[in-house]
Amino acid sequence: MFWTRFNGYDCPTLTDVQILEPYSSVERGQTALHVAVQNGERKICYLLVSAGAPLLAVDKQDRTAQQIAEQTRDYDLAKYLECKYLLCTTYPYC
């Protein structure tokens, strides 16, 4: 990963995933995927996952996006995230 300086902060260079990064929650340590899951934005979740959003990233409460989906009772989304994780660990080029 390449890094650049932006407003005095070290930031990863812009990729498809970072385009949606303003929607993340720095205070809670959440990625854009965490926030999309929490808000029930499935289409954004699918977009972020297809763009390579980290599925195992944890927020400040040590929750993955899949765990947030389970807590918000979006079991279909939780199963989707679990399957994508399992698929990508089995076939690294998914």
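**Exercise 1. The end of H3**

Which residue just after H3 takes a positive phi? Name the residue and give the angle.

*Solution.* The model is predicted. Go to the end of helix H3, which spans 42-50. Just after H3 comes Gly52, with a positive phi of about 100 degrees.

**Exercise 2. Overall layout**

Describe the chain by its elements, burial, contacts and surface.

*Solution.* Step 1: count the elements. The chain has 5 helices and 2 strands.

Step 1: From the N terminus, they run β-β-α-α-α-α-α.

Step 2: check burial. Of the 94 residues in the chain, 31% are buried.

Step 3: look at contact range. Take contacts between residues at least 6 apart in sequence; 48% of these join residues at least 24 apart.

Step 4: The accessible surface comes to about 6700 Å². Carbon and sulfur atoms account for 56% of that surface.

**Exercise 3. The two sides of H3**

Which residues of H3 are buried, and which are exposed on the other side?

*Solution.* Step 1: list the buried residues. In H3 these are Cys45, Leu48 and Val49. They cover an arc of only 95 degrees around the axis, so they lie on the same side of H3.

Step 1: take a closer look at Leu48, a residue of H3. Its relative accessible area is 1%; buried means under 20%, so Leu48 is buried. The C-alpha atoms of Leu48 and Ala36 are separated by 9.0 Å. Along the chain, Leu48 and Ala36 are 12 residues apart.

**Exercise 4. The aromatic pair**

How many aromatic pairs does a search of the whole structure find? Identify the partners, the geometry and the helices involved.

*Solution.* Step 1: the search finds 1 aromatic pair.

Step 1: its partners are Tyr46 and Tyr80, 4.7 Å centre to centre. The angle between the planes is 75 degrees, and the pair is edge-to-face.

Step 2: Tyr46 is in helix H3 and Tyr80 in helix H5, 34 residues apart, so the pair links distant parts of the chain.

Step 3: Tyr46 is partly exposed, with a relative accessible area of 32%. Tyr80 is also partly exposed, at 23%.

**Exercise 5. A nonpolar patch**

Which residues make the nonpolar surface patch of about 280 Å²? Then locate Leu56 and state its exposure.

*Solution.* Step 1: the patch is made by Leu56, Tyr85 and Leu86.

Step 1: Leu56 lies in the loop between helix H3 (42-50) and helix H4 (65-71).

Step 2: the relative accessibility of Leu56 is 54%, so Leu56 counts as exposed.

Notes. Residues are numbered from 1 along each chain as its sequence is written. This is a predicted model: local features need pLDDT of at least 70, side-chain atom pairs count only at pLDDT 80 or more; totals for chains, interfaces and linings use all residues. Side-chain values use heavy atoms; hydrogens and water are left out. Patches are made of residues with over 30% relative accessible area and no salt bridge: like charges are joined within 9 Å, nonpolar side chains (Val, Leu, Ile, Met, Phe, Trp, Tyr) within 5 Å. Accessible areas come from the Shrake-Rupley method with a 1.4 Å probe; for residues, only the protein chains shown count as cover. A salt bridge is a side-chain nitrogen of Lys or Arg within 4 Å of a carboxyl oxygen of Asp or Glu. Helices (H or I, at least four residues) and strands (E, at least two) are DSSP runs, numbered from the N terminus. Buried means under 20% relative accessible area, exposed over 50%, partly exposed in between (1.4 Å probe, protein chains only). Contact means heavy atoms within 4.5 Å. The arc is that of the directions from the helix axis to the C-beta atoms. Rings of Phe, Tyr and Trp (its six-membered ring) pair if their centres lie within 6.5 Å; planes under 30 degrees apart count as stacked, over 60 as edge-to-face and the rest as tilted.
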